[in-house]
Amino acid sequence: MANHESKQAATLAASRFLPVMLVLFAGSGCSALIYEIVWYQLLQLVIGSTAISLGVLLATFMGGLCLGSLMLPRIMATRQKHPLLVYAAIEVGIAICGVLVLFGMPLVDGIYTSAVGHGMPSILFRAIICAVCLMPPTFLMGASLPAIARWVEATPRGVSWLGMLYGGNTAGAVFGCLLAGFYLLRVFDLATATFVAVIINLVVAFASYQLSKRVPQHSTEEKAVPVPGPRFWPVYIAIALSGATALGAEVIWTRLMGLLLGATVYTFSIILAVFLVGIGVGSAVGSALARNIKARAAIGVCQLLLAGAVAWTAYMIAQSVPWWPVNPLLNQNPWFTFQVDMVRSLWAILPATLLWGASFPLALAAASRGDEPGQLVGGIYAANTGGAILGALTFSMILVPAIGTANCERVLIAMAALSGLIVLVPHLWTSRAKVAWAALLASIVAIVYLISGVTPVPPLLIAYGRRIMTSQTSSKILYTGEGMNSSIAISQWSDGALQFHVSGKVEASTEPYDMRLQRMLGHLPALVQASRRGLSSPIPPCRAS
């Protein structure tokens with residue numbers, strides 16, 4: 001009883017400092033996304049910028065978050081440490097790791113380039129390199145929310161409060177993503193961006209340390225880590241499938257939107273920012289709803305709606321957004337282009353991200369049993385990130401090259417619907433509400449219709465990318481194909497010239513000016529070889545006419 005009252009007192013005291021905690025969590029999220037953008041650029045220099053590298057990098061990043069969220073509640077379960085002191089120590093640790101990664105990357109680069117191979121051994125070696133570089137800091141990042149979760153009770157009010165902090169963290173992540181992608185890396189360099197993130201971590205750590213002196217700490221009892229009961233497993237499975245669809249969709253939609261917007265760090269930052277905006281807003285709404293509704297039914301409905309939102313994005317990317325009457329050649333200011341790109345991304349992707357964001361606090365409320373809140377948050381967070389790891393690897397390495405992006409979007413719709421059914425069917429089985437069963441059957445019919453309505457990306461988009469509106473009447477597409485790392489197309493112009501396209505750009509053609517360049521490139525190996533052998537006169541190039 002005394003422990004319960006102390007937890008309530010700590011929660012009430014914490015609520016008075018909620019604005020301050022929101023700022024601290026926003027700062028933590030800002031630094032985390034600056035690190036992610038910087039590490040994405042650094043690791044591209046080491047392991048390459050292919051789709052395999054991106055999938056391995058995302059999986060390793062999420063793996064560190066998953067381990068941190070699982071291990072910290074077990075480590076701290078029997079220790080009487082103030083959560084804010086633990087949070088401050090975590091932020092200092094992240095800052096130290098950020099500096100170590102920045103200066104240790106050249107050493108890792110030398111090791112990788114001297115030992116890299118091909119095939120599966122190469123993929124495993126990339127995963128090891130990513131794990132060495134990213135596991136320590138991402139482990140600490142994943143531990144931050146469970147550390148603060150130990151401060152409150154696992155009640156609807158406490159869960160709602162945690163959902164607000166999660167939303168604040170995501171809002172800061174949006175700012176950090178845009179700050180790193182559009183300012184720090186554009187104007188300065190990787191080192192400057194890293195030190196900005198380090199300073200933010202240290203400021204958050206100092207503020208948390210000072211705040212711990214003013215906010216009481218509840219006492220915790222030593223107890224074993226509980227295992228979720230049978231009636232809670234559908235919630236954990238649903239949130240894991242939600243994480244898998246989120247990361248799988250991010251991989252697919254980054255690839256498809258990259259055809260239209262260009263495969264640059266700006267496009268990566270825009271799409272990541274849109275995901276984070278939706279997750280942050282959705283999390284805030286889900287936190288507010290978790291107080292007054294049946295959370296288990298709500299998360300099931302949320303996942304069913306997510307199936308429709310994924311279908312919306314698939315339709316927008318294939319049938320709407322590429323055909324907006326936008327000519328990029330009419331404008332020389334890149335900021336106007338970025339604005340249009342942001343609007344396109346928001347219009348296509350935002351609905352699904354809102355529902356992914358709402359799923360997390362609803363899952364917390366649905367799985368809440370009044371036990372130790374750090375373990376609750378850690379379990380839900382670990383299930384979500386574990387599913388995200390599986391989604392990133394499966395879609396980037398297996399499904400996209402095997403069945404194509406359109407069929408992958410059909411799989412995403414089916415997965416979202418399945419996660420909703422896993423939660424709703426046992427719930428409806430006990431209630432036996434005929435109206436609810438009828439609505440569920442109608443939803444299943446609608447989902448089947450949505451799956452059948454997904455169409456492949458337009459061949460013209462694969463061929464011409466951002467210039468689709470100015471090139472669509474000049475040629476016809478003879479062939480398109482989607483591989484693991486890129487999409488290709490072959491087109492024929494009205495004058496009979498053939499062009500070979502890779503992800504929206506012409507790489508080769510039968511036009512005379514292109515053939516001249518290709519012949520010159522063909523002579524380079526012979527010229528370099530002759531120079532290495534010390535020949536007095538290298539092989540003269542033939543005429544390129």
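**Helices, rings and neighbours: a friendly walk-through**

Trainee: Does Cys302 count as buried or exposed?

Mentor: The relative accessibility of Cys302 is 6%. Residues are called buried under 20% relative accessible area, exposed over 50% and partly exposed in between, using a 1.4 Å probe and protein chains only. Cys302 therefore counts as buried.

Trainee: And what is the relative accessible area of Cys30?

Mentor: A word on the ground rules: this is a predicted model, where local features need pLDDT of at least 70 and side-chain atom pairs count only at pLDDT 80 or more, while totals for chains, interfaces and linings use all residues. Residues are numbered from 1 along each chain as its sequence is written, and side-chain values use heavy atoms, with hydrogens and water left out. Cys30 is buried, and its relative accessible area is 6%.

Trainee: How many disulfides does the count come to?

Mentor: A disulfide is a pair of cysteine sulfur atoms within 2.5 Å. Under that rule, the number of disulfides is 0.

Trainee: At what angle do helix H10 and helix H11 pack?

Mentor: Helices (H or I, at least four residues) and strands (E, at least two) are DSSP runs, numbered from the N terminus. Axes are lines fitted to C-alpha atoms, for helices over the stretch in contact, and angles run from 0 to 180 degrees between N-to-C directions. H10 covers residues 295-320 and H11 covers residues 334-367, with their axes 8 Å apart. The angle between H10 and H11 is about 165 degrees.

Trainee: How is H10 oriented relative to H11?

Mentor: Angles under 35 degrees count as roughly parallel, over 145 as roughly antiparallel, 65 to 115 as roughly perpendicular, and the rest as oblique. With an angle of about 165 degrees, H10 and H11 are therefore roughly antiparallel.

Trainee: Is the crossing of H10 and H11 left-handed or right-handed?

Mentor: A crossing is left-handed if the near helix is turned anticlockwise from the far one by less than a right angle, and right-handed if clockwise. For H10 and H11 the crossing is left-handed.

Trainee: How many nonpolar residues are in the contact of H10 with H11?

Mentor: Ala, Val, Leu, Ile, Met, Phe, Trp, Tyr, Cys and Pro count as nonpolar, Asp, Glu, Lys and Arg as charged, and the others, Gly among them, as polar. The contact of H10 with H11 has 4 polar and 1 charged residues. Its nonpolar residues number 23.

Trainee: How does H8 lie relative to H10?

Mentor: The axes of H8 and H10 are 11 Å apart, at an angle of about 15 degrees, and H8 passes H10 in a left-handed crossing. That angle makes H8 and H10 roughly parallel.

Trainee: What about H8 and H9, how are they placed to each other?

Mentor: Their axes come within 10 Å and cross at roughly 140 degrees. The crossing of H8 and H9 is right-handed. H8 and H9 are therefore oblique.

Trainee: How many aromatic pairs does the structure hold?

Mentor: Rings of Phe, Tyr and Trp (its six-membered ring) pair if their centres lie within 6.5 Å; planes under 30 degrees apart count as stacked, over 60 as edge-to-face and the rest as tilted. The number of aromatic pairs in the structure is 10.

Trainee: What is the distance, centre to centre, for Trp253 and Trp356?

Mentor: Trp253 lies in helix H8 (residues 233-261) and Trp356 in helix H11, so this pair ties together parts that are 103 residues apart in sequence. Trp253 and Trp356 are both buried. The pair is tilted, with 45 degrees between the planes, and its centre-to-centre distance is 6.0 Å.

Trainee: Which residues do ring pairs link into a cluster?

Mentor: Phe275 and Trp356 form a stacked pair, 5.9 Å centre to centre with 15 degrees between the planes. Phe275 sits in helix H9 (residues 265-289) and Trp356 in helix H11, 81 residues apart. Phe275 counts as buried at 3% relative accessibility. The cluster linked by ring pairs is Trp253, Phe275 and Trp356.
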